[in-house]
Amino acid sequence: MPEGLGIDHEAPLNGVISGYAEQVLVCTGQDDWASKIEDESGGDNLAADLKELLGRGGVYSDPFHNVSILNSSFPSSTPPPRAEEVQSTSAYLLPSFKYVPFLPRVSFDSVQALAKGYLLPEKLHSAHEGLSPIHRDRLTRKDAYQNLLLGVQDVRDVLVLICGHGGRDARCGIFGPLLRAEFEDKLGDAGFEVARGAVPVHLGDEAAQEIEGDVEGNKIARVGLISHVGGHKFAGNVIVYIPPGHEGPGGEEHALAGCGIWYGRVEPKHVEGLVNETVVRGRVVEDRFRGGIDSKRRMLRI
């Protein structure tokens, strides 16, 4: 590690994550970003738009419903032929396990639809009871907005996310690419097809309204770099999301299906064990565990 940027091997890891209701992974196709991701492309980017709506001071800001907005190295899906001329960005929503393939950049309407249709809470925290009906209504999800977004699909791929935000901290910039290569290798050894291209989207085909993945024994994993998640001193930082319906090695329901498991102080030598124990068998590796989230947005601790 660079001088003065060592890894903290002493502080406790368990519980060292910030609570969140949803993570939004913006698919940028890049491996690194500016220190503040909202500054990319002179501020003209999806992360900046979402932070404007949901961040501190935003019209949908809610201290009891934290939406974490991250950039990822995953590429965006290709828009349908009739919309190829329009720049579009894709995004993953976790732990909702939804993939939103087309968010056109020509207007703010799709960002509003994403926030109102998927990211706001269905029910407000009790602390909001004193708000006016109009204010409460503004902060509450409206499912009708989901119809404004084209091709939204369920995620059935295992997702391994690694902080590789070198523009923010050199430790993550060093660990990220190394761990990505190691996870891709060890997932392949464990029988997963490691997908690297953009997610294919089949519009108008109801039978294909799920991302190709853990169906008919075909298990797919995707490994991506993400921007800052906190805890640079615990690099490498890794989040493993196991999709709902994923099966364990004996065909039983995977013990961690629908969950996101956070690990810290991950080195390449730990990857094979994390794949075999967490991804394959559904077990948490305690000495690397930072925390997690389940399908009901409950934060997980040991």
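A residue counts as buried when its relative accessible area is under 20%, as exposed when over 50%, and as partly exposed in between (1.4 Å probe, protein chains only). By that rule, Y20 and W262 are both buried. This is a predicted model, where local features need pLDDT of at least 70, side-chain atom pairs count only at pLDDT 80 or more, and totals for chains, interfaces and linings use all residues. Residues are numbered from 1 along each chain as its sequence is written, and side-chain values use heavy atoms, with hydrogens and water left out.

**Aromatic pairs**

- Rings of Phe, Tyr and Trp (its six-membered ring) pair if their centres lie within 6.5 Å; planes under 30 degrees apart are stacked, over 60 edge-to-face, and the rest tilted.
- That gives four aromatic pairs here.
- Y20 and W262 make a tilted pair, because their ring centres sit 5.9 Å apart with the planes at 45°.
- This pair ties together distant parts of the chain, 242 residues apart: Y20 is in the segment before β1 (22-27), and W262 is in strand β10 (residues 260-263). Strands are DSSP runs (E, at least two residues), numbered from the N terminus.
- Y92 and Y99 are tilted too, since their centres are 4.8 Å apart and their planes at 55°.
- Y92 is buried at 2% relative accessible area, and Y99 is buried at 0%.

**The nonpolar core**

- A nonpolar core is a set of buried Ala, Val, Leu, Ile, Met, Phe, Trp, Tyr and Cys residues joined through side-chain atoms within 4.5 Å.
- The largest one has 76 residues, and Y92, F183 and L187 touch the most other members.
- Leaving out residues up to four places away in sequence, L187 touches V160, F192, V194, A221, V223, V275 and V279, where contact means heavy atoms within 4.5 Å.

Technical notes
Helix = DSSP H or I, 4+ residues; strand = E, 2+ residues; numbered from the N terminus.
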